[in-house]
Amino acid sequence: MRRWFGGVHAWLTPWRILVAFGVLAGVVGVFGLQALQRDVHTRALNSAVFSARLISSLVVGRNVTAGILHSGVLDTRHRVDMDADVAELANRHQLAGLEVWSIRDGHLIYADRQHPRGETTLPSRELIRARQGAFATVSTDGRTGSTFDVFLPFDADGDHVLDAVVEVLLPNDPINSAITRSTRLINAGAVLAALFGMFLLWRVRLRLRRQEHTARHDPLTGLGNPVLLAEHATEVLKPDRTCAVLLFDLDGFREINDTLGRRAGDDLLVIVAGRLQAAVRSCDTVVRMAGDEFAVLLSDLDTGLDAQQTAQRLRQVLREPATVGLLTVQTEASVGIAVSPQHGADIDTLLRCADGAMYHAKTGGLGITMYDPASDTRDERQLAVLAELRQAITAGELRLHYQPKCRPDGTIAHLEALVRWQHPDRGLLSPYAFMPLAERTALIKPLTAWVITEATRQCAVWRADGQPLGVAVNISPRNLVDPDLPAVVLDAIAAARIPANVVELEITETAITTDPPRAHATLHRLHALGIRVSIDDFGVGYTSLSQLGTLPVDTLKIDQSFVADLLTNPVHETVVRNVIQLAHDLKLSTVAEGVESHDIWTRLNEFGCDEIQGYILTPPLPPDQLTPWLADWRANSHQHPQHSERRTGELITRRP
């Protein structure tokens, strides 16, 4: 039964559901149209009966009495009078003929002059029906063409005893014209509605196809994406079939992207995608995973050796020189291979194994590596850490420490939240012990959500205590391309009841270059909500000046590698001074990271740096230690850094 329901669910695509509703609406429309036509015809017949009753009352009722009907003979005077009335109505095209028949035996009592000779008795069928009440029929071969024949029971003396049957023949042309006109209008409306419905179905079909294509394909290269890979893997991966996943990562792509520009990098990705697609079989699937990473799903292989040979051939194809812009470049790739079913039976497992193999190939400069479960001790440790971390998020083992940012006048208005893990066995762990693993998996999403929620909650506590502080949270590349990130941040702000502009998200330059279109879209959505954005570790990534001018960024955080030897390295001093000037020209603020000495702080103030952060203030502290530190600092905030060497030294020596 479950398999049956699963098959039905797979068959019920949005398009098929829409077509089914369209067919149902068409069937209902046809029945409705038929009912409407019947209603029009019935109304026409009722109108004919009404007209016949009026004529019968004016012509027959005035001339035919009960005595005449009982005798069965109409005298000459009344006949002439009736003939005159009938002739006048006929001239007006209101009457085609008139007969009066005896109710007892159907004998003809009166007939107009056009009545066919030899027709002297009313057929028993019409006679019986007329005794039951008035009725009308359409005659197509009457003596004057098509007519409405209306049969009316006639009571001459009003004693409620039927004396005769009056047959009134009405011209069909006026009534039929009305019916035809109404029918044509109905049919025309139905045709227009059907054409409009078909047009809507066609438009919806095109839109659904575009949406389905967009959901399964990469917009840059036209290749499939991980969604399409998962769908094809469901069809291909079987226990009795040998398949393989090849994971390609381009070597040196970031240098090309940084040197020649993002457009040149995109052009190279398109070339790589085209070469891979052209070099595989029609039964194989090539997709772009993210950034410069591609995956190839090989189906129906004889052995795993075929996968290695295919990887070598594809790698050789990628080595062929490619023209990007005005330059010719040669592309190298590191390839990881995982074979099904020996390395895994599902696409997620195969991708994880291929990723591990590709990591070894890249770090070892091996080019191509087949996944080896026996030597994958790194993966086992990672799985253990990830399993513990997943439990730590829900078990309340995570902690947030906060490091302040200080302005030249000594004011502290912003804090950076830094996550720690209070491991039950290993003690307090820094983020370097678990964040790199989390960022490579979907676990980064709930971990980041927890950090944002906790940081905004603590920010609300401080603000409720009269401390107008803002809080900054670090966001990983995987978070930045997550379409749910703006909603997560907005929910946390709403729950904490704090202004959106006191929350800042710190992103690295690498996060922006991983998937620029999606990263830009997410940043613009966040900025539209009023959330501040800063670029962390600025100067060591790959952000181009053209990107910096279009990104919705508020702050640049100068990497500590430039700040640490600012006083002894003229190159770094120049870099820092020019970054600060550039930021101010772009209406951005600056934060210098890793400030360790009073002299460096003084030089940064001379350059116009807006804020500094580092151990000269304090290392990151938990909230219960940071709150008294803030009170102590603010009590001496009047002391400018240029004149507070003694005080700063005291703070450094007293830091926990």
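Trp101 is buried, with a relative accessible area of 0% (buried means under 20%, exposed over 50% and partly exposed in between, using a 1.4 Å probe and protein chains only). Keep in mind that this is a predicted model, where local features need pLDDT of at least 70, side-chain atom pairs count only at pLDDT 80 or more, and totals for chains, interfaces and linings use all residues. Residues are numbered from 1 along each chain as its sequence is written, and side-chain values use heavy atoms, leaving out hydrogens and water.

**Around Trp101**
- Trp101 sits in strand S1 (residues 97–102); strands (E, at least two residues) and helices (H or I, at least four) are DSSP runs numbered from the N terminus.
- Leaving aside residues up to four places away in sequence, Trp101 touches a list of residues including His107, Leu108, His115, Leu122 and Val165 (contact means heavy atoms within 4.5 Å).

**Helix H5**
- Glu126, Leu127 and Ala130 are buried in H5 (residues 124–132).
- Those residues cover an arc of only 100° around the axis, which puts them on the same side of H5 (the arc is that of the directions from the helix axis to the C-beta atoms).
- Ser124, Arg125 and Gln132 are exposed on the other side of H5.

**Where H9 meets H10**
- Val272, Arg275, Leu276 and Ala279 of H9 meet Arg313, Leu314, Val317 and Leu318 of H10.
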